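Subject: Structure for you to look over

Dear colleague,

I am passing on the structure we spoke about, with the sequence alongside. Please open it first and then read the notes that follow.

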Amino acid sequence: MKYSPHTSKDKEQMLEAIGAASEEELFSAIPSDLRLGKVDLPDGISEMELKRSVMEMAGDNYSTNKLISFLGGGAYEHYIPQAVESIISRGEFLTAYTPYQAEASQGTLQSIYEYQSLICELTGMDVANASMYDGASSLAEAALLAVRDTGRKQVVYPASLHPEYKQVLKTYMEGIKVEFIEIPHAAGIYDTEVLERQISDGTACVIAQNPNFFGCIEDCSAIGQICHSKGAIFIACVNPLSLGLLSSPGEYGADIAVGEGQPLGIPLSYGGPYLGFFAVKEKYMRKIPGRVVGMTRDSEGKPGFVLTLQAREQHIRREKATSNICSNEGLMALAATVYLSLIGKKGLKEIARQNLLKSHYLAVQISKLGGFEPVFNTPFFNEFVVKCGRDPEKIISDLLKHGIIGGLPLGRFYPDMRNCMSICVTETKSRADLDKFVEVLGKH
Amino acid sequence: MADTGKLLFAKTHEWLRVEGNIGYVGITDHAQKEITDVVFVELPKVGKEVSKEGEAAVVESVKAAFSIYAPVSGRVIKANDAVEKDPSIVNKSPYDDGWFFAIEMKDPEETASLMSLKDYEEFIKSGAH
Amino acid sequence: MEKLIFETGSEGRNGCSLPKLDVPDAAESSFIPGNLLRRKEALLPEVSELDCIRHFTRLSRLNYSVDTNFYPLGSCTMKYNPRINEKIASLPQFSALHPYQPESSVQGMLKLLYDTEQMLCRICGMDAFTLQPAAGAHGELTGMLIARAYHVSKGDPRKKVLIPDSAHGTNPASAALCGYEVVTVKSGPDGRIDIGALKDAAGQDVAVMMLTNPNTLGLFEKDIKKIADIIHGSGALLYLDGANMNALAGVSRPGDMGFDICHVNLHKTFSTPHGGGGPGSGPVGVKAALADYLPAPRIKIKRNKFTLDSDCKKSIGKVKAFYGNIGVVIKAYCYIRSLGGEGLRDAAFEAVLNANYLKAKLRGNYTPAFDGEPCMHEFVLTGKDKKPMGVRTLDIAKRLLDYGYYAPTIYFPLIVEEAIMIEPTETESKQTLDAFADVMIKITGEAASDPSLVTSAPHTTPVRRLDEVAAARELNLRWKKTGA
């Protein structure tokens, strides 16, 4: 298959206009010893052959559509209304670039403005950017902002922070010599007594994840107060869908709110592309990374939208930019915008409630089984940790034979939790699904 | 209207107005025209120590950012909040209302290397900037 | 202007339905203490599904896009985005896979990813690839961290990164993010690296040189092997910003040129759509000596099964949760399979042919910033000779919008005054290029006869020229409920 339209006659005419004898001649700047005879790749194939070949590979996958999955851990299976996909697959959105020419990009720009507004509404913050790569890198950028702004070098995070987020945080900050302090958890949430002892005048920021990796709900207000008592920046990393019920970062005084926007209408896609959201109090507006859209007027006084606050960015500020980010997750932000518009004020709360009620139903049913007990007696949203009588990795692999992905074994992240797994329930599970899971689990 | 004849000028297009041991700093008319519409000024915090030719402030237009260097060393004692609130003042009144900050000068001798208005105008004409 | 979604709809309306709750209902406060619950409701829109569809459909129609308009945005490779690739990536067998599924349930997915890494190795002449970075700049950060880890392991951390003055802004920003001091290397009068300046800049403190090849002026760095020798001679590594790989895929390999690390932009060279700003994907390839530093996990084959190996002791860690923008990688995989080795080479040939053809057509009316030899996949014009007419590059760009063309990249690279950077890509036909050239030429005529027509452009777009100064001075970055 080829997608270029040139006929051999076209090529001849074009070469003639250029004044070149052959296409080869156009490559004369590349030394001949660097020219490739033939790429070591198979020949191209037709669309039909491609489809057949990929379908074969796809057949080796068991999608969560076919299975009953109780996996969470930073990526959540939620129902995505068809309208979301229909809008984001429109070529006018899909095949446009970053909206550099504002007058020819009002669709993208207005939808980003609406996205920024929605994120501000959800998080209770003042200003949001146009998106980051994912929740983890968004968190890392927040910590970088804190280190730059405070001039301090200590980053405090909890043991209950998503283990991959911890890794990303450390990788991102490798070049700037930061001290990391991990605060242990007490009953699944921040041990605030230890936090109080460990935090100091050298602390740039305190990070809280809510709900945290164990699914537990943190007392963010208390964490924020301890953080602010030392003049550090309070970063809240939140599940946006949980904000239908849970107190917002704005309400509990966070300075920066970040998180993974995947629950807002974005498919699991084996881990990406997802959506990092990033919102701040007005005070930090000029320090944020990434694109920002603002409303303005045209030469006739009509309202319109442009990219603004650009002097922070890499294409202008180069090595002094607030971040190196250029491409972001625009289309995913659009998906979240359409999703939030569809579910609306009422839907957000209802979906959050169903997550809460269904996961608590399952937790109760599982705790009635012998051999499984809840690990933390702490409020949770849609995910909880259970201790198993035997190796959870084995349980998971047994359950798979019944078409169930039972949960996420935690031993791979926390060696002292070898017997534990976390179980996530969203609105996608019916009572029948939950009862089946309990029944099968009871036999293992 | 400031008497520009009494100002001292740096090659990096800042002006300095000396009042006793205090030096007021802003950018020149030539600089504001080159920058075009100023959309933001990031001022130094009061109390900050700056050194001669060290970066002290940043001026932003829509498409660019420019470093503003201290013409002399010293401690920042005042910052002009007005230009932070309404950056267009820098374009409208670069030598008066559009001043950036004031420095308590450490070493008055440092002004010796700065130019007079006439020399600065020559400097611009020569295109050496 | 289309009304904001917040101003559409009506209290109590909504555009989705949920199954009836089939587990026992209870007040949320019976599970969560009141102080942890939300007090102020988020003011989300309240619209029907149709309201919502109309709103976003109407918004979409305010955009120019590859699907609707020629989009010659230099350095961005706005080629056609094949539809079959979209379809395949959205199959539930891919799009509904959870990243923590047992490996046994995702063997097809892992094979596809493994094969993509292998194909990219062959295209780039590298020994190992990671698919984790989410975009080009993310790949740069990954590459810089790999270089850093390499030098640190040798007990010689080094402090500086060399970057040409023609480079993308992401290069210095990525190097600085990694803690490096950026040293700018001036281009020579021919628009290429000045070997003398490079020799002066190279030294024992330099960790990496970042280079774009072909560079942002659309010129191949002929002396690339000499450059590599100088850099390697000083103990530094050579990094390729692969943004311009569309000129090279199937033609010449960075690994053979002496690059130790490179990123490729799947959303440029390998046809995945840009989505109005993303998602992209910026896989990073390295030579064997650096493979151990790649982000974890790595895809391996063990006992005939694909597996994710997290036991990577020297790895720089992770730059993103999970494994990368997989949905994007799937599309690129499909593209490479469709074209094959020869198809990729033909695409590069035709991309270069299109750029040279357009340059030839415009030469009489616009001044190429560098001429006298063929360009690669893109070329840069300077609009400085239009300045005496009172017309600037920005005005030409805006006037193009009136004729239904998206504008080229403007004012970049920074080293060309009034730069206009044009990248037609291979998927545009001769007819499209002819029509575009005619309009470009027509605009020069307008600039001469009626400059105000050009300087007040655009005239036919959904909005007229927008006031960016007002936007930056009176920041309005979000909707707020009136009275709130």
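How many residues of chain B are in contact with chain A, and how many residues of chain A take part? Eleven residues of chain B are in contact with six of chain A, where contact means heavy atoms within 4.5 Å.

Before going further, a word on conventions. This is a predicted model, in which local features need pLDDT of at least 70 and side-chain atom pairs count only at pLDDT 80 or more, while totals for chains, interfaces and linings use all residues. Residues are numbered from 1 along each chain as its sequence is written, chains are lettered from A and ligands numbered from 1 in the order in which they are written, and side-chain values use heavy atoms, with hydrogens and water left out.

Chain B against chain A

The two chains bury about 650 Å² between them, 46% of it on carbon and sulfur atoms; buried area here is the accessible area (1.4 Å probe) that two parts lose on being put together, summed over both. On the chain B side, F40(B), E60(B) and K63(B) lose the most area to chain A, and together they account for 48% of what that side buries. Two salt bridges are found across this interface, a salt bridge being a side-chain nitrogen of Lys or Arg within 4 Å of a carboxyl oxygen of Asp or Glu. K320(A) and E55(B) form a salt bridge through their side chains, at 3.0 Å from N to O. The number of residue pairs in polar contact between chain B and chain A is two (both residues at pLDDT 80 or more); a polar contact is a pair of N or O atoms within 3.5 Å, where within protein one must be able to donate a hydrogen and the other to accept it, and residues adjacent in sequence count only if both atoms are side-chain atoms. Strands β4 (40-42), β6 (55-60) and β7 (65-69) of chain B each supply at least two residues of the side that touches chain A, and the largest share, three residues, comes from β6(B). Helices (H or I, at least four residues) and strands (E, at least two) are DSSP runs, numbered from the N terminus.

Chain C against chain A

Here 205 residues of chain C are in contact with 190 residues of chain A, and the area buried between these chains is about 17,000 Å², of which carbon and sulfur atoms give 63%. In chain C, R38(C), Y100(C) and L477(C) lose the most area to chain A, yet together they make up 5% of what that side buries. The rule finds 15 salt bridges across the interface of chain C and chain A, including one between the side chains of E350(C) and K11(A) at 3.3 Å, N to O. Between chain C and chain A, 97 residue pairs are in polar contact (both at pLDDT 80 or more). Helix α10 (residues 326-362) of chain C gives the most to the side that touches chain A, with 23 residues.

Within chain A

The domain assignment, which is automatic or taken from a database, divides chain A into domain 1 (68-80 + 344-442) and domain 2 (82-338). Their C-alpha centres lie 27 Å apart, and the contact takes 26 residues from domain 1 and 34 residues from domain 2. About 2,400 Å² is buried between the two domains of chain A, with carbon and sulfur atoms giving 73%; in domain 1, I80(A), F381(A) and Y414(A) lose the most area to domain 2, together 26% of what that side buries. The count of salt bridges between the domains is zero, whereas seven residue pairs are in polar contact (both at pLDDT 80 or more).

I266(A) lies in the loop between β9 (256-260) and β10 (276-280) of chain A and is buried, with a relative accessible area of 2%; buried means under 20% relative accessible area (1.4 Å probe, protein chains only), exposed over 50%, and partly exposed in between. Among the residues that I266(A) touches, leaving out those up to four places away in sequence, are I80(A), Y274(A) and M332(A).

Finally, eight of the ten residues of helix α8 (residues 163-172) of chain A are buried, so this helix is largely enclosed by the rest of the structure. The buried residues of α8(A) include Y165(A), L169(A) and Y172(A), as well as E164(A) and K166(A).

Best wishes
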